[in-house]
Amino acid sequence: MDLLSALLSWIYAFVGYWPLMMMLVWTIGGVIFFLLHEAGGKRQGGPPPPEGPLPRVTILIPCYNEEANAEETIRACAAQSWPDFEIVAVNDGSRDRTAEVLDRLLAEIPRLRVVHLAQNQGKAMALRAGAMVANGEVLVCIDGDAILHPDCVAWLVRRFAHRPRLGAVTGNPRIRNRSSLLGLLQVGEFSATIGLIKRTQRLTGRVFTVSGVVVAFRVAALRDVGWWTADNLTEDVDVTWKLQRRRWVVHFEPKALSYILMPETLRGLWKQRLRWAEGGAQTFLRYAADFLRCDGRWMWPVLAEYVVSTAWCYTMAFTLAITVLGLLGLLPAALEPAPSLLSAWGMMLSVACLVQFAVALAIDQRHEPPGAQVWRPLLWVIWYPAAFWLLSAASTAVGFPRALVRRQGRRARWTSPDRGFR
Amino acid sequence: MPPETPFTPPLILDAASRPAAARWRDAALTVLLWAGWAYLLAAAIGALWVPPFVHRLLPVEPPENPWRVVRIAAFFVIFALVLCSLLLLRVVAERRRYRGQDRRRAFPHPDDAQLAADFGVAAAELPSWRAARRLVVHHDAEGRVVRVEA
């Protein structure tokens, strides 16, 4: 019993200490990245004009059932400040009026080209079809509901000049729908978790993933790694790992802004997070072994963080189950986590979470327009540790085994969840 | 020429389709949660320095050794600072190493023969497809391109 009790106390300590440590690392790392790359720069406007020849750019937009969003997305693309670009919209066998919308825009927007896939093939295959007919040396890939800031492409593409081993540059997705609890929590999450993680990971030289919703690729790099993988549920995570496996560099450009819609129902959010978790696990299972050699050492922090965080999700679920059993009186008191420990650590973690959100929103403030109510997510952040940590833990706990049993080669096709309230 | 319209980010701060009752429910639950959190925060702070008689008002027993919690948290702060300092050193070292022109080998843009081999199509077709504004692509069950209508 003593041994079991000691083991459980280690598990409880891990459940409490790990998120605290990672919150601190992301926050401090994010601040360092901000001071190195963002502070002092101008807040608005485009980048200085690049020197030397400008690469031709193709903006690739895979669209599946995007009749409601495609027009707004394509018009924002057409307004880019980058001088030399084309837009290739790929209709991935949509079952709604997407084809009609794209064909109508073809007559209005000279830069637009349209590729219709006769049947739905999945996002990776749609991207491959677009890349096959693209004229650009750089592909800027966005989602069919993303609205680019007019300087987005310019900020992304300028980084490729004088960096021959730069394979991809990922932009900064900003959430559009901010009128509900779930929407505002995701605004905070994209700043405090996704934004800070990308900034900190850039300090290590490797990132877990680009944002598939706004990312620029060098065509030569994509070709070198075999383009996008058709059977991965998160083609963006997959291609990021493939690029870094071949020692291509991946950058994060926080000034490349893309406004996106996120689900605002629990069902939609769960569906999305489960796909992310399963796709991340697919990528890990497929490529992790390739990074265990000495020349893959810069990826080790990313691998270690993924492994420990996945283990944390399971221990978190286990601890919750133990707590419930204890509350029901089905467990000896010696094995239960001490209530005083739970309350003290719960408070420590929630305060750290508040600090993390405040720092992240302060950093991202410069990327928000006037009147965007930048600090509003802080009012709702109290839900984050309780609701989103559980959601993340549950989606990983379910997604990882699903990835283990998923048949390799099975095409990844999905329908986007709800796009929130308008 | 008409003046260029400044870009306004298309944020949705107040969705018309969201029922008012749902907004009030969210607000009420959040206020309750904040109140509970503030109560627990008082308890956590109280465990460290509030006089013992006040503890009777607090929801949980204080930890036996409350300063231990603070010491562990301080350890993690120092650990995170050291780790991030190492990352900063790496960035500085890399900046020095690649100062000036990056002399690493550049990969040339792939030619049509390479692209055609990757996508399993005829290289001779690619220029006409790249010039076309509207294409219809047919795949087989394995995802191979079997026909392209320009």
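The largest nonpolar core of this predicted model has 54 residues, and those with the most contacts inside it are Leu20(A), Trp312(A) and Tyr384(A). A nonpolar core is here a set of buried Ala, Val, Leu, Ile, Met, Phe, Trp, Tyr and Cys residues joined through side-chain atoms within 4.5 Å. Buried means under 20% relative accessible area, exposed means over 50%, and partly exposed lies in between (1.4 Å probe, protein chains only). At least two residues of this core come from each of helices H1 (2–38), H6 (181–204), H10 (300–327), H11 (339–364) and H13 (383–405) of chain A, and from helix H3 (66–97) of chain B. H1(A) makes the largest contribution, 13 residues. Helices (H or I, at least four residues) and strands (E, at least two) are DSSP runs, numbered from the N terminus.

Leu20(A) shows how the two chains meet here: leaving out residues up to four places away in sequence, Leu20(A) touches Trp345(A), Met348(A), Leu349(A) and Ala352(A), as well as Ala73(B) and Phe76(B). Contact means heavy atoms within 4.5 Å. Another core, of 42 residues, lies apart from the largest one and includes Ile74(A), Leu105(A), Ile142(A) and Ala146(A).

Residues are numbered from 1 along each chain as its sequence is written, while chains are lettered from A and ligands numbered from 1 in the order in which they are written. As the model is predicted, local features need pLDDT of at least 70 and side-chain atom pairs count only at pLDDT 80 or more, whereas totals for chains, interfaces and linings use all residues; side-chain values use heavy atoms, with hydrogens and water left out.

Turning to the interface, 88 residues from chain A and 72 residues from chain B take part in the contact. Between them the chains bury about 6,800 Å², with 70% of this on carbon and sulfur atoms. Buried area is the accessible area (1.4 Å probe) that two parts lose on being put together, summed over both. Met132(A), Met347(A) and Ile382(A) supply 11% of the area that chain A buries against chain B, more than any other three residues.

Polar groups also meet across this interface, where 25 residue pairs are in polar contact (both at pLDDT 80 or more). A polar contact is a pair of N or O atoms within 3.5 Å; within protein, one must be able to donate a hydrogen and the other to accept it, and residues adjacent in sequence count only if both atoms are side-chain atoms. On the side of chain A that touches chain B, H1(A) gives the most, with 10 residues. The interface also holds 2 salt bridges, a salt bridge being a side-chain nitrogen of Lys or Arg within 4 Å of a carboxyl oxygen of Asp or Glu. Arg134(B) and Asp103(A) form a salt bridge at 3.0 Å, N to O.

Over all chains, the count of salt bridges comes to 37. Arg104(A) and Glu108(A) pair at 3.8 Å, N to O; both lie in helix H3 (residues 98–108) of chain A, 4 residues apart, about one turn of the helix. Arg104(A) is partly exposed at 39% relative accessibility, and Glu108(A) is partly exposed at 43%. In chain B, Arg25(B) forms a salt bridge with Asp26(B), their closest N and O atoms being 3.3 Å apart. Asp26(B) counts as buried, because its relative accessibility is 6%. Finally, salt bridges that share partners join Glu38(A), Arg174(A), Arg178(A), Arg199(A), Asp364(A) and Glu368(A) into one network.
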